[in-house]
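Work through the exercises below with the sequence and the model in view. Try each task before reading its solution.

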Amino acid sequence: MDKKKKPGVAVVTEGTAQAALRRAPAKELAPEEEKVLRMRLGAAPPRAAPLEKAGAGLTDLEIELLAYEIEAHLRWKEHRAAHEERARPAPSPVPSRTKEKIVRALRKKT
């Protein structure tokens with residue numbers, strides 16, 4: 001009896017892919033491909049994985065400028081949200097046939 005492994009079709013679900021990515025980094029994928037898969041599937045990196053540093057190669061001036069840009073963006077979002085709230089029109093009453101019947105019936109009584 002020959003016990004050879006036969007190539008078959010494997011179905012990979014999102015859950016199994018997420019679990020595999022959570023366990024360890026994908027060895028067959030490039031780092032960029034792995035990032036894309038993690039973002040697409042919503043898989044968190046392993047808990048022991050080192051965190052990436054976003055501003056690793058920036059000078060003090062560049063970091064300060066980035067902080068100003070972030071602060072300005074947050075202020076702009078707040079201003080835009082407040083402006084949209086003010087610009088929203090008040091809801092107008094919708095005529096109701098039932099309501100009109102009730103009003104007519106009450107007018108007849110008095």
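Predicted model: local features only at pLDDT ≥ 70, side-chain atom pairs only at ≥ 80, totals over all residues.

Residues are numbered from 1 along each chain as its sequence is written, and side-chain values use heavy atoms, with hydrogens and water left out.

**Exercise 1. Salt bridges**

Find how many salt bridges the structure holds, and describe the one between R38 and E34.

Solution. 
Step 1. A salt bridge is a side-chain nitrogen of Lys or Arg within 4 Å of a carboxyl oxygen of Asp or Glu. The structure holds three of them.
Step 2. Between the side chains of R38 and E34, the N to O distance is 2.9 Å.
Step 3. Both residues, R38 and E34, belong to helix 2 (residues 31-41) and stand four residues apart, about one turn of the helix. Helices here are DSSP runs (H or I, at least four residues), numbered from the N terminus, while strands are E runs of at least two.
Step 4. Buried means under 20% relative accessible area, exposed over 50%, and partly exposed in between (1.4 Å probe, protein chains only). R38 counts as buried because its relative accessibility is 11%. E34 has a relative accessible area of 12%, so E34 is buried too.

**Exercise 2. The sides of helix 2**

Which residues of helix 2 are buried, and which are exposed on the other side?

Solution. 
Step 1. E34, R38 and L41 are buried in helix 2.
Step 2. These residues cover an arc of only 80° around the axis, so they are on the same side of helix 2. The arc is that of the directions from the helix axis to the C-beta atoms.
Step 3. E32, M39 and R40 are exposed on the other side of helix 2.

**Exercise 3. A nonpolar patch**

List the residues that form the nonpolar surface patch, and give their accessible area together.

Solution. 
Step 1. Patches are made of residues with over 30% relative accessible area and no salt bridge; like charges are joined within 9 Å, and nonpolar side chains (Val, Leu, Ile, Met, Phe, Trp, Tyr) within 5 Å. Accessible areas come from the Shrake-Rupley method with a 1.4 Å probe, and for residues only the protein chains shown count as cover.
Step 2. The nonpolar patch consists of L58, I63, L66, I70 and L74, with about 410 Å² of accessible area together.
Step 3. One of these residues, I70, is in helix 3. I70 is partly exposed, its relative accessible area being 46%.
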